[in-house]
Amino acid sequence: MNKFENFKINIKPMFSDEIHTHISPASSYRGRCEFGYSNNSYTMYAFENKVYMKQFDVACKAVKEAMPFLLNEINNYEIVKEKLFQVNFRSNNQNELMVTMIYHKNIKPRLIKKIEEIASKLNIKIIIRSKNFKYASNDFFIKDELTLDNIKLFQSDNSFYQPNKYLFTKMIKKIINFIDNPDDLIELYCGVGTFTIPLSFIFNNVFATENNRVSIKCLQLGIKENKIKNIHYSRLSSNEVCELYKGKNFRRMKNKSLSMFNFSHVLIDPPREGLTDNVLNLIKKFKNIIYVSCNTETYLRDVKLLSSHRIKNLELFDQFPNTKHLEIVSLLSNESN
């Protein structure tokens, strides 16, 4: 039984409607890839076996094409490959490339100079990291312009960003299509503003929360670039948001108050571990819950615990073809609220 049918069987007691699945090409879809480096090769693990490679078929075109050229530059210079242990790639819709090279050594000026030469030669951004050190040949962010209303988002080399270039915008459009009678939106785990910024054009106000400092910086850049006035944000973890609702004051709120908003929807896109009991109890207070999940098991667990709400809409996105993973985009509502 494939992963799609298995999920449909498991969700059927809670949602019996036909479920549409959005399929991705099986190659050239990943805009974010991470590799080890050893023996003059990029490395990954297939189960417990280390795999050596020069190119990665799953990577998007910009990453795939740059990989062998960068590898050649790395292997040509001892100062560049010495104590290099990880090489990460990120690309945007404009096929621009940001590469992070992580070292187990102190970074010397000679290495920085050589990295700048390589970045210029290959026309890419390169970030160097080692313990308590970071350096960028250009800057630490890459801007992505979506096909959806020319919306611009920012990501850094250590912030979460949706990896599948083909399904990314489709997920945003689907969430927008789910929404009726919007007023204000509260969002937990907002990241760099993947959904925050597009949804700010739908809701009167958005209050976005995220614990990661770098992701908040990316969100700030996106708000400024898109000239948005109705997004309010605070660096709060999901559990701190729960404490906020219980009356705790946080200086990070900067004089903002929950009383400023009339929330018609809450949006949650948690990590693979799903929702904590505190968050589950909090979101039950809202009439409409937009739940985006990257883990079918924790999604099924959480939805069963949200028995006050019923699933109104649900679609699947095959973000990682030929793996067990599925992305779920859903809307749950409590009609009695």
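Buried residues make up 56% of the 337 residues; buried means under 20% relative accessible area, exposed over 50%, and partly exposed in between, with a 1.4 Å probe and protein chains only. This is a predicted model, where local features need pLDDT of at least 70, side-chain atom pairs count only at pLDDT 80 or more, and totals for chains, interfaces and linings use all residues. Residues are numbered from 1 along each chain as its sequence is written, and side-chain values use heavy atoms, with hydrogens and water left out.

Switch to cartoon. The protein has 10 helices and 17 strands; these are DSSP runs numbered from the N terminus, helices being H or I of at least four residues and strands E of at least two. The radius of gyration is 21 Å, close to the 20 Å from the globule rule for 337 residues, so the protein is as compact as a globular protein of that length. That radius is taken over C-alpha atoms, and the rule is 2.2 Å times the number of residues to the power 0.38. Along the principal axes, the C-alpha atoms fill a box of roughly 65 × 50 × 35 Å.

Now the charges. The structure holds 12 salt bridges, each a side-chain nitrogen of Lys or Arg within 4 Å of a carboxyl oxygen of Asp or Glu.

Select Glu315 and Lys174. Their side chains meet in a salt bridge at 3.1 Å, N to O. Glu315 sits in strand S16 (residues 310–317) and Lys174 in helix H5 (residues 168–178), so the pair ties together parts 141 residues apart in sequence. Both Glu315 and Lys174 are buried.

Next, select Glu240 and Arg252. This salt bridge spans 2.9 Å, N to O. Glu240 is in helix H8 (residues 238–245) and Arg252 in the loop between H8 and S14, so the pair links parts 12 residues apart in sequence. Glu240 is buried, at 19% relative accessible area; Arg252 is partly exposed, at 27%.

Then pick Lys246 and Glu243, a salt bridge of 3.9 Å, N to O. Lys246 is exposed, at 62% relative accessible area, while Glu243 is partly exposed, at 31%.

Last stop: Asp269, in the loop between strand S14 (263–268) and helix H9 (277–283). Asp269 is buried yet has no salt bridge; the nearest side chain of opposite charge, Arg272, is 9.8 Å away. Show the surroundings. Leaving aside neighbours within four places in sequence, Asp269 is in contact with Gln162, Leu188, Tyr189, Phe195, Val292 and Glu327, contact meaning heavy atoms within 4.5 Å.

Definitions and conventions
Lys, Arg positive; Asp, Glu negative; His and termini not counted.
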